[in-house]
Amino acid sequence: MSEKRLKRKLLKKKLFTKNRLVILNEDTFEEIFSLRLTLMNVFVVATIGALLIIFITTYIIAFTPLREYIPGYASTQLKKDATELALKSDSLTNALKKNEAYIHSLKKVLTGDLEYAKFNKDSILATPIEEVEKEDLKPTAAEIKLREEVAAEEKKANSKKQKDKKRK
């Protein structure tokens, strides 16, 4: 027989040879526990036990709040708060851009730097024309009152200018 085959037979014989594990009381030599084992049984039980310990430890770390103590893992509350803050900052950024655009266009109106719109003839023809109802065009009572006040102030201002011109 070949040398490899002899080694395999020897290894198989060692793995499956039955041995006895005995626990004795040292003072009385009384047998407390006895167990018949093979080297293969010990190897299989040790492997299964190690895998079981690994899986239990992984489960405890992955699915309990204990994972928060591992660097790199954040708590779920912290993740939730960070997401909410990111959404709020995005919406605030958008609102800020809108306000800046509004202020910029308002400054243009106040300084008189208006850019006249350039219309494309095709786009004007393509858009439907919406008719405004006459009720929407009627001024409210507050608007009429404001118009009257502005007109009265303009009359006062004009009369003051005319008086100043006459004095000069």
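From the N terminus on, the elements of the protein chain run α-β-β-α-α-α-α-α, a set of six helices and two strands. Helices (H or I, at least four residues) and strands (E, at least two) are DSSP runs, numbered from the N terminus. The model is a predicted one, in which local features need pLDDT of at least 70 and side-chain atom pairs count only at pLDDT 80 or more, while totals for chains, interfaces and linings use all residues. Residues are numbered from 1 along each chain as its sequence is written, and side-chain values use heavy atoms, with hydrogens and water left out.

Of the 168 residues in the protein chain, 1% are buried; here buried stands for under 20% relative accessible area, exposed for over 50%, and partly exposed for values in between (1.4 Å probe, protein chains only).

The two strands come next. Strand E1 (residues 18-24) pairs with strand E2 (residues 31-38) in the antiparallel sense, over seven bridges; pairing requires that DSSP finds at least two bridges between two strands. Across a separation of 15 residues in sequence, Leu21 and Arg36 have their C-alpha atoms 6.1 Å apart. Asn19, another residue of strand E1, counts as partly exposed because its relative accessibility is 44%. The C-alpha atom of Asn19 is 8.0 Å from that of Leu39, a residue 20 positions away along the chain.

The turn of this hairpin deserves a moment of its own. Six residues lie between the strands E1 and E2, and Phe29 there takes a positive phi near 55°. Phe29 has this positive phi although it is not a glycine. Its place is in the loop between E1 and E2, and Phe29 is exposed because its relative accessible area is 64%.

Val42 and Leu15 are 27 residues apart along the chain, with 9.5 Å between their C-alpha atoms. Ile56 is likewise partly exposed, because its relative accessible area is 45%. Ile56 takes part in a nonpolar surface patch with Leu52, Tyr59, Ile60, Phe63, Leu66 and Tyr69, and together these residues have about 820 Å² of accessible area.

Patches are made of residues with over 30% relative accessible area and no salt bridge, with like charges joined within 9 Å and nonpolar side chains (Val, Leu, Ile, Met, Phe, Trp, Tyr) within 5 Å. Accessible areas come from the Shrake-Rupley method with a 1.4 Å probe, and for residues only the protein chains shown count as cover. A salt bridge is a side-chain nitrogen of Lys or Arg within 4 Å of a carboxyl oxygen of Asp or Glu.

Lys4, Arg5, Arg8, Lys9 and Lys12 form a positive patch, and Arg5 lies in helix H1 (residues 3-16). Glu148, Glu149, Glu153 and Glu154 form a negative patch. Glu148 lies in helix H6 (residues 141-167) and is exposed because its relative accessible area is 55%. In this charge count Lys and Arg are positive and Asp and Glu negative, with His and the chain ends not counted; the place of a charge is taken as NZ of Lys, CZ of Arg, CG of Asp or CD of Glu.
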